[in-house]
Amino acid sequence: MPASFSPASPAPVASVSPRGLGRRSMLAALAGGGAALALGAGSAAAAPSAAPSAGPGGTLGSLGPVGSSIGGTGTERWNRSGDTLLLKAFPDAETERMRLARSLRASEFVPTGRHAAPGATVTVRVRSAEGALPVLHVGTFDYFNPVTALQDPRAYPLREGVNRITDPHGGPVYLSFAGHGQRAAVTFVSGTEHMAVFELGRTGETDFQRQLDTITVPWVELVTDRAILTLTREGALQYRDQDHAALMSLFDTIIDSHDRISGLDGGRPLDRPKAGRYHFVEVSQVPKGVTAYAWHHYNGFPRAYMDRLCSVTNLTTRGWGLYHELGHLNQQAAYQADSLTEVTVNIYSLAAQRTLGRPSNLLTVDPKTGLDWFQSARAKLGTSGLSYVDDLGPYEKLVPLRQLELAFGDDFWPRLHRLVRTEHQHDAPVDDYNHDPQVEAGLYRALATYASRTAGRDLTDFLAGTWAMPIDAQGRAEIAALRLPRPDTDPSTLTD
């Protein structure tokens with residue numbers, strides 16, 4: 001269906017995943033890059049308002065103030081009829097990315113449990129208590145979809161009053177509402193259908209199974225106050241025998257493990273967990289060699305990964321891919337050198353394993369060598385011309401990062417994250433992972449100086465000497481200027 005909109009209507013805007021122009025590199029074997037900007041196609045026509053105005057004191061007429069939440073986030077709840085979603089605004093994805101000093105934006109979507117058929121006219125009525133207005137989004141993220149328009153949800157700004165939106169492709173319906181506590185109400189008048197939805201703490205297993213039997217729209221969602229899991233109906237049916245409360249509780253546990261290693265303890269405003277949820281999406285396809293991927297706003301998983309994504313046992317015992325992809329949404333830009341993108345991400349993966357009581361992947365024995373990754377890396381240390389970047393594999397590069405925790409405490413990475421957040425509030429988002437050598441040098445320099453400051457020890461010998469990290473003369477001088485003592489124990493001797 002061709003896209004169209006009247007000049008007097010709000011035009012569809014670019015998806016909330018703004019992909020800059022130009023080439024984006026893959027996040028190595030397990031993460032996706034960006035591509036060309038794809039504008040949302042469709043029509044959005046706003047009719048004159050027929051809704052009552054906000055009542056005294058800012059409450060939304062008879063609907064009352066927003067406070068409790070569908071999933072416990074404090075950002076939304078349905079009224080009794082289930083047709084009106086009461087919203088409380090929270091910081092958008094870019095604002096949160098900057099606060100957390102991260103490389104990638106995470107999700108800002110509020111799930112509605114609604115689906116729009118292709119070409120359907122969706123009618124919603126909007127009321128705002130304080131002037132701020134939400135945006136409606138239709139569709140899912142699917143970066144490698146060959147149809148450009150299906151790679152991102154289409155976004156439609158909403159007006160006060162009645163809005164009529166026609167999206168040519170259809171899909172799950174979401175809202176975003178950027179701000180700081182402003183309130184609005186969105187009533188779904190017509191043009192959408194309910195999806196099968198499991199809400200942790202609100203939906204019983206029997207009810208969810210009934211929904212799977214009776215609701216045939218092509219998407220299913222499982223929701224907590226921290227996560228949205230968006231699956232095709234076919235994918236969801238393959239794993240309908242799972243304990244879905246246990247599954248979604250597990251998602252929350254994994255997210256919490258990443259928060260804790262990131263120092264998001266809420267002790268300061270900078271250290272609050274990310275506003276809103278993380279979004280995990282079943283995608284239509286990935287290139288050969290890509291298991292799953294991460295990009296702005298979401299993690300993408302093909303059907304081949306569903307046995308780990310949707311199984312309580314397998315997500316617990318073989319869920320490294322999800323721990324890893326979620327980790328990409330937690331990485332901090334200040335020290336994310338290109339050659340470290342697939343290394344520092346596993347700080348979070350290891351934290352998830354420890355939280356779940358699983359053995360560390362660093363202790364996995366390589367059948368080719370008979371050595372675990374601590375042993376394999378140690379065998380290379382001290383060899384002539386050793387290069388951390390060129391001569392060590394991804395797990396071997398991870399070893400010294402784990403040794404920093406073993407030497408300086410479990411709170412090493414939380415403290416480093418908090419320090420970086422204090423000093424980096426305006427780093428640009430990741431646009432391309434092909435950094436030039438000068439940029440790479442600066443990022444390694446930042447890692448070394450932040451690590452030394454966090455440890456309270458001069459780590460030049462450990463990082464640049466023993467592990468042959470490319471710490472340049474400027475970085476060595478910056479660490480020397482800190483006048484820190486050397487470590488009491490050589491961290492390179494430590495192992496799990």
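## Basis of the description

Buried here means under 20% relative accessible area, exposed over 50%, and partly exposed in between (1.4 Å probe, protein chains only). The model is predicted, and local features need pLDDT of at least 70, side-chain atom pairs count only at pLDDT 80 or more, and totals for chains, interfaces and linings use all residues. Residues are numbered from 1 along each chain as its sequence is written, and side-chain values use heavy atoms, with hydrogens and water left out.

## The chain overall

The protein chain holds 15 helices and 17 strands; helices (H or I, at least four residues) and strands (E, at least two) are DSSP runs numbered from the N terminus. Of its 496 residues, 57% count as buried. The chain exposes about 18700 Å², of which carbon and sulfur atoms supply 54%; the areas come from the Shrake-Rupley method with a 1.4 Å probe.

Taking contacts (heavy atoms within 4.5 Å) between residues at least 6 apart in sequence, 73% join residues at least 24 apart.

## Helices H11 and H12

Helix H11 (394–408) has 15 residues and reaches 22 Å from its first C-alpha to its last, close to the 21 Å expected; the expected span is 1.5 Å times one less than the number of residues. Because eleven of its 15 residues are buried, H11 is largely enclosed by the rest of the structure. Charged side chains are included in that buried set, with Glu396, Lys397, Arg402 and Glu405 among them. Glycine 409 follows H11 and has a positive phi, near 105°.

Helix H12 (residues 412–423) has twelve residues and spans 17 Å between its first and last C-alpha, close to the expected 16 Å. Its buried residues are Phe412, Trp413, Pro414, Leu416, His417, Val420 and Arg421. The cover over them includes H11 as well as helix H1 (93–99), helix H4 (244–261), helix H8 (341–355) and helix H13 (437–455).

## Leucine 447

Leucine 447 is placed in helix H13 and is buried, with a relative accessible area of 2%. Apart from neighbours within four places in sequence, leucine 447 is in contact with Tyr335, Leu340, Trp413 and Met469. Trp413 is also one of the buried residues of H12. The C-alpha atoms of leucine 447 and glutamine 336 are separated by 8.2 Å, although the two residues are 111 apart along the chain.

Most residues other than glycine have a negative phi. Alanine 101 has a positive phi of about 60° and lies in the loop between H1 and strand S4 (110–116). Histidine 297 has a positive phi of about 90°, in the loop between strand S16 (293–295) and strand S17 (298–301). Alanine 101 is buried, with a relative accessible area of 2%, and the value for histidine 297, also buried, is 2%.

## The largest pocket

The largest pocket holds about 400 Å³ of space. On a 1 Å grid over the protein atoms alone, a pocket is an open set of points where a 1.4 Å probe fits, with protein on both sides within 12 Å along at least five of seven lines, and lining residues have an atom within 4 Å of a point. Grid points are joined across faces, edges and corners, and the volume is the space filled by probe spheres set on the points.

The lining has 19 residues, with Trp78, His194, Val197, Glu199 and Gln211 nearest the centre. S4 gives the most, four residues, while S4, strand S12 (196–199), helix H2 (205–214) and strand S13 (219–223) each supply at least two. By type the lining divides into seven nonpolar, six polar and six charged residues, where Ala, Val, Leu, Ile, Met, Phe, Trp, Tyr, Cys and Pro count as nonpolar, Asp, Glu, Lys and Arg as charged, and the others, Gly among them, as polar.
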